[in-house]
Amino acid sequence: MSNILVEERKVVIPGEALAEGLDYLPGENTYREDNKIYSKVLGLVSLSGRVIKITPLSGPYIHKPGDKVIGQVVDILFSGWRIDTGTAYQGVLNVKDATTRFIKKEEDLSKILGIGDFVIVTVTNVTSQNLIDLSMKEPGLKKINGGRIIKIGCNKVPRVIGKKASMISLIKDKTGCEITVGQNGLVWIKGPTPEGESLAERAIKLIEEKSHQEGLTIKIEEFLEQNKL
Amino acid sequence: MIINKDLVPELASQGKRLDNRRLDEYREPILVETDISWTAEGSAKVQIGKTVVMAGVKLSIEKPYNDTSDEGGITVNAELLPLSSPEYETGPPSIKAIELARVTDRGIREAKAIDFKKLCIEPGVKAWFVVIDIITINDDGNLFDASALAVLAALKSAKFPEVDPETGAIDYKKKTDKSLPLTKEPLTVTVYKVKGKLMVDPNKYEEQAYDARLTVASDSKGTISALQKGGFHPLTAEDISQMVDIALDKAKFLRGKLNQSL
Amino acid sequence: MVYKQRLDGRKIDELRPMEAKAGVIPNADGSASFKIGKTWALAAVYGPRELYPKFLQDPKKGLLRCHYGMMPFSGSGERIRPGNSRRAQEISMVMTSALEPVVDLSAFPNAVVDIFVDLPQTDAGTRCAAISAAAIALADAGIPMTDMVSSVAVGEVDGMVCADLTYNEESYEGIVSDIPVAMLHKTKGISLLQMDGEISKKNLVKALELAEAATEKVYELQKKALTEKYVRDQDGKGNNNGKSEYEPEFETEDSRE
């Protein structure tokens with residue numbers, strides 16, 4: 001007989017038993033052994049139909065095609081740039097994926113993107129050895145100018161963005177800042193003033209700290225109101 | 001990944017910082033806890049913002065050096081543990097660790113903070129030697145100031161271990177209530193120059209973007225016992241004068257924090 | 001049998017008071033503090049991150065590396081000279097073997113997960129405390145693990161088979177054996193087993209039985225340390241039946257800009 005051993009949204013640690021019997025299917029971050037399904041990470045139980053998965057509360061960012069990420073140029077290659085996304089793996093941005101403009105062969109690539117520059121890019125391909133291909137061609141993707149960059153845990157990104165981007169819109173609204181959240185946990189904040197940027201930064205750090213609490217949207221609203229510029 | 005490297009000087013030139021602090025403001029909280037390690041003769045843990053440093057004092061009895069046969073001595077050692085930052089690797093001390101140890105050492109030694117003659121047990125035969133170890137736990141910038149504070153707190157709260165009167169062997173498990181002969185209480189404050197402006201207590205991002213720094217060790221009377229200039233840009237005499245003023249003022253502030261905790 | 005009552009009055013299977021906390025070092029990807037009696041271990045996990053030199057890289061999975069160290073002022077006698085002693089190197093190695101069986105780094109080819117454990121003070125059971133702390137730090141870092149590893153030393157002190165020996169018990173007059181054990185929670189598999197001293201087979205079996213119950217107690221503490229960060233309610237008091245108040249909305253597909 002199949003049996004669920006935990007409740008939805010329970011915090012579980014690696015090796016904890018989630019379900020027994022063959023009616024349930026092991027989803028992300030779980031595994032099946034003999035008759036039972038176990039958790040593989042520290043996270044929250046999430047049940048969707050017959051699939052049990054664990055949503056991790058921490059952990060490294062795993063590149064996925066389609067993800068928008070923020071990275072830093074660390075090397076200039078023959079026909080592109082090497083980008084550090086703050087993970088164990090660096091991505092490559094090819095010249096042909098960086099711009100629609102025609103780039104001559106002898107053109108100095110460092111004039112387009114120099115070492116140390118930050119960029120907003122999309123992950124286009126990930127190989128089995130975690131070689132990452134990036135693109136900067138779609139609208140919204142570009143080299144970053146001005147503003148500041150902060151780092152948050154990549155698992156907190158959905159919380160910072162919020163349902164239908166509600167949370168991030170709230171912060172943008174109340175601080176007057178332009179904010180881009182990379183799925184890899186790097187966030188770019190550009191405001192009319194450093195004080196506005198600092199307020200947005202503190203609000204985002206607060207979300208990261210209290211991400212497991214209820215009524216977070218109200219708490220952030222209050223925080224922004226109390227500290228308004 | 002070095003982030004906000006250009007932003008720090010840009011803000012500083014306007015008298016601003018990333019976290020909205022004033023240029024002359026230390027982070028909160030500043031916490032000092034002593035006796036954190038039962039195996040050390042003296043120990044302390046200091047937190048400044050998110051930077052956490054531990055200091056431990058170990059005592060031993062050795063033969064004095066030939067040229068100072070009626071004196072004991074001190075040594076200061078620093079370890080930047082890999083556990084405290086992704087920047088640090090295992091292996092012998094880096095130049096950063098060596099500088100931290102030597103600058104903190106001079107602050108204490110040159111202030112004659114410990115009366116070495118009082119550490120002597122039998123001239124030419126045996127004396128107490130004090131070894132202070134600075135161990136980083138989380139490096140979020142400003143190890144200089146956090147370390148000096150931890151070392152002073154550890155020295156102040158250290159107690160001699162018992163010595164068997166017959167065999168002369170040290171019983172480390174038993175502490176006496178005798179403290180170290182501390183005559184002065186030197187503290188270190190490091191002042192940073194960024195785009196012409198002077199600031200204290202940089203976090204790890206600010207530490208990657210400064211022009212020059214001056215570490216000043218001083219005692220409670222305002223006597224300077226050590227100076228160390230760092231960074232690749234020169235300082236003017238005017239800069240130095242201003243930086244020393246700031247350092248003396250902030251040393252008073254840190255001393256207050258220390259006394260609150262002891 | 002001379003040792004009839006333990007020096008600190010504990011029962012045979014009683015462990016010293018323990019304290020464990022996760023997420024204590026902000027710079028690290030995962031971290032933990034684990035105290036058992038007067039032995040205190042701090043662990044930090046950095047990784048997965050780039051691995052150099054290149055010849056160490058494994059294209060099939062990430063590498064797990066443990067580094068054990070005692071702070072110079074953490075020994076019960078003289079100062080310990082800094083540097084990677086032979087003892088520390090061996091402990092680093094057995095720590096890695098103790099954690100390897102449960103860690104799954106197949107998603108991180110060519111990368112490394114480094115675990116650094118340093119002890120500010122010690123009173124026996126150091127490698128066990130290091131392993132218990134490291135396991136919490138790994139889970140805190142979100143590293144995929146199939147199980148938790150819990151570790152405690154058992155042994156025999158002059159005829160008495162007991163759990164969690166102190167330094168005084170290890171150096172007790174008479175026949176003593178010190179047996180550090182690390183156990184996987186789910187399977188009860190033993191991933192660390194060493195022994196120092198003299199013991200009969202009969203008492204060894206008894207000691208290993210004690211180890212099962214003892215490591216279970218460590219497990220409960222490790223679990224609490226990991227979950228308490230997320231399970232506190234708004235006022236910071238008490239437990240919500242292990243449920244997190246994470247609102248489900250964060251998981252939706254439209255949480256993208």
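Two strands count as paired if DSSP finds at least two bridges between them. The legends below use pairing in that sense and describe a predicted model.

**View 1. The open sheet of chain B is built from four strands in the order 10-9-11-12.** The pairing in this sheet is antiparallel. Strand 10 (197-200) and strand 12 (224-230) of chain B are its edge strands, each pairing on one side only. From one strand to the next, the twist averages 20°. Four bridges hold the antiparallel pair made by strand 9 (residues 187-194) and strand 10 of chain B. B:Val194 has B:Lys197, in strand 10 of chain B, as its bridge partner.

**View 2. Chain A contains five helices and 17 strands.** Its C-alpha atoms fill a box of roughly 70 × 50 × 25 Å along the principal axes. Chain A has 229 residues, of which 46% count as buried. Among contacts in chain A with a separation of 6 or more, 53% come from residues 24 or more positions apart. The chain is divided into domain 1 (3-56), domain 2 (68-143) and domain 3 (148-226).

**View 3. An open sheet of chain A has four strands in the order 1-3-6-5.** Its pairing is antiparallel. At the edges are strand 1 (3-4) and strand 5 (30-33) of chain A, each of which pairs on one side only. Strand 5 of chain A runs antiparallel to strand 6 (residues 36-39) of chain A, and four bridges join them. Opposite A:Arg32 stands A:Ile37, a residue of strand 6 of chain A.

**View 4. Domain 2 and domain 3 of chain A have centres that lie 26 Å apart, taken over C-alpha atoms.** Eight residues from domain 2 of chain A and nine residues from domain 3 of chain A make the contact. On the side of domain 2 that touches domain 3, strand 9 (68-77) and strand 12 (118-126) of chain A each give two or more residues. Strand 9 of chain A provides the largest share of that side, three residues. By class, the side of domain 2 of chain A that touches domain 3 of chain A has four nonpolar residues, three polar and one charged.

**View 5. Helix 3 (residues 166-175) of chain A packs with helix 5 (residues 216-226) of chain A.** The angle between the two is about 10°, and their axes are 11 Å apart. Because the angle is under 35 degrees, helix 3 of chain A is roughly parallel to helix 5 of chain A. From helix 3 of chain A, the contact uses A:Met167, A:Leu170, A:Ile171 and A:Lys174. From helix 5 of chain A come A:Thr217, A:Ile220, A:Glu221 and A:Leu224. The residues of this contact between helix 3 and helix 5 of chain A comprise five nonpolar, one polar and two charged.

**View 6. Chain C meets chain A through 42 residues of chain C and 37 residues of chain A.** Strand 3, helix 2 (126-140) and helix 4 (201-231) of chain C are the elements that give two or more residues to the side of chain C that touches chain A. Helix 4 of chain C gives the most to that side, with five residues. The side of chain C that touches chain A divides into 16 nonpolar, eleven polar and 15 charged residues.

**View 7. Chain C also meets chain B, with 25 residues of chain C in contact with 29 residues of chain B.** Strand 3 (39-50) and strand 5 (111-121) of chain C each supply at least two residues of the side of chain C facing this contact with chain B. The largest share of that side, four residues, comes from strand 5 of chain C. Twelve nonpolar, nine polar and four charged residues make up the side of chain C that touches chain B.

Definitions and conventions: Residues numbered from 1 in each chain as written. Chains lettered and ligands numbered in written order. Predicted model: local features only at pLDDT ≥ 70, side-chain atom pairs only at ≥ 80, totals over all residues. Contact = placed C-beta atoms within 7 Å. Nonpolar A, V, L, I, M, F, W, Y, C, P; charged D, E, K, R; others polar. Buried ≥ 20, exposed ≤ 12 C-beta atoms within 10 Å, placed from the backbone. Axes fitted to C-alpha atoms, helices over the stretch in contact; angles between N-to-C directions. Parallel < 35°, antiparallel > 145°, perpendicular 65-115°, else oblique. Domains from an automatic or database assignment.
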